[in-house]
Amino acid sequence: MSAIGELEPVRGEPVFRPLSAEDEEQQPAEIESLCMNCYCNGVTRLLLTKIPFFKEIIVSSFTCSSCAWSNTEIQSAGRIQEQGVRYTLMVTTRQDMNREVVKTDCATARIPELDFEIPAFSQKGALTTIEGIIDRAVAGLEQDQPVRRAADKDVAGKIDAFIGKLKQLKEVGSSFTFIIDDPSGNSFVENPCAPQKDEALVVTHYRRTAQQNALLGLEAEETDENPADTVDDLRNEVLQFNTNCPECNAPANTNMKLVQIPHFKEVIIMATNCEACGHRTNEVKSGGAIEPLGTRITLRVTDPSDMTRDILKSETCSVEIPELEFELGMGALGGKFTTLEGLLKDIRDLVMKNPFTLGDSSTPSRMEKLQQFGRKVYQIMEGHMEAHIILDDPAGNSYLQNVYAPEEDPELTVEHYERSFAQNEELGLNDMKTEDYETVPTCEP
């Protein structure tokens, strides 16, 4: 009971404290627990901490003084993200093996060149590196090799050969692909080039399938048998539904409303306000279909008044600032209806609060690069530095305010373009059938 009492928070203090080497009060709780190796009593240390990018996590470490067996793992204590995430990294140098990786227990790791896969829920979550994941896989394969050699030498020989291939990957004699696919959206692969784009790393956000939702224990939403409201009723009404705060997990309300943006289209704005911790968030969804053409909007920022322009950034929109060599991919920051200043602040916070650039995991050169990036973003917001803001939305559902409307804006350029096959594939349009989809092909006798 005394060990459990150590986990109880002091009134008024948060349960999950930010991860910091300077926080002397952040001490792990120790619990006496059974060792599954020798069945003697060992010690489990639990650290409830908070990483800005990954929300809350639980770091646990077990050690046994009797047999010296130890085990560490990491578990996500935050909410499951709205979308799954897939990281695809082309490993070409020895430095790539040192990239830090957060792999949750529901994530799948793959190396296509070896037809190798670590299935979901086959390992505990871990905060490690790519080399650490390979070492862990090698250790797992070598564990039962003595028994296999006695029972079936052919199978043991094939596994030894495969273990040799895995060990050769650590030397990076030739490039290979490393893929982390996490339907919960809580895994992460380090980008050492931050805040610049990493050409070797591709991050893809996707919607989970029904099977993946069932795997994560998410129930399907119940269908409403009542007749749907008319569009006019929805335009004049603010809908409200219950949810949980993404920061403190306390019950909160989310407001949703249809809004008509002048000279553009209809969008759905959702806003959540937590009365417990004061956290506020908003998200924007497109109220219409995917446009026939993609849209690329380029704004030349020349005056501080440009910071007040309204921006609608959809989930499928990427943001680029050529002067800073910065590119924000699709899915990052989600959908937003804000101002140009608000978007730049969100970009700065996203880059500066990356957990791999803070605390013990940072390096002086990386910190200096990020601080320089933050100063340049601030100069753009203050009007001391000219820059181009490029919004590229293959779905055509993003918008940047024209302050001269209905006249043309001399600093604003809007281009419409044909989507590529890869963009249509990412939007799910290549396999979409909109004509004669009800007809069932019949087999001729």
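This is a predicted model: local features need pLDDT of at least 70, side-chain atom pairs count only at pLDDT 80 or more; totals for chains, interfaces and linings use all residues.

Residues are numbered from 1 along each chain as its sequence is written, and side-chain values use heavy atoms, with hydrogens and water left out.

I begin with the helix. Helices (H or I, at least four residues) and strands (E, at least two) are DSSP runs, numbered from the N terminus. Helix α8 covers residues 364–382. In α8, R366, L370, F373, G374, V377, I380 and M381 are buried, meaning under 20% relative accessible area with a 1.4 Å probe and protein chains only, while exposed means over 50% and partly exposed lies in between. The opposite face of α8, turned away from the buried side, carries the exposed residues P364 and S365. Just after α8, G383 has a positive phi of about 85°.

Next, the loop residue. E315 is found between β19 (310–313) and β20. Is E315 buried or exposed? E315 counts as buried because its relative accessibility is 18%. Leaving aside neighbours within four places in sequence, E315 is in contact (heavy atoms within 4.5 Å) with residues including R207, E283 and K285.

Finally, the surface. Y39 lies in the loop between β2 (29–34) and β3 (41–51). Y39 is exposed, because its relative accessible area is 58%.

Methods. The expected span of a helix is 1.5 Å times one less than its number of residues.
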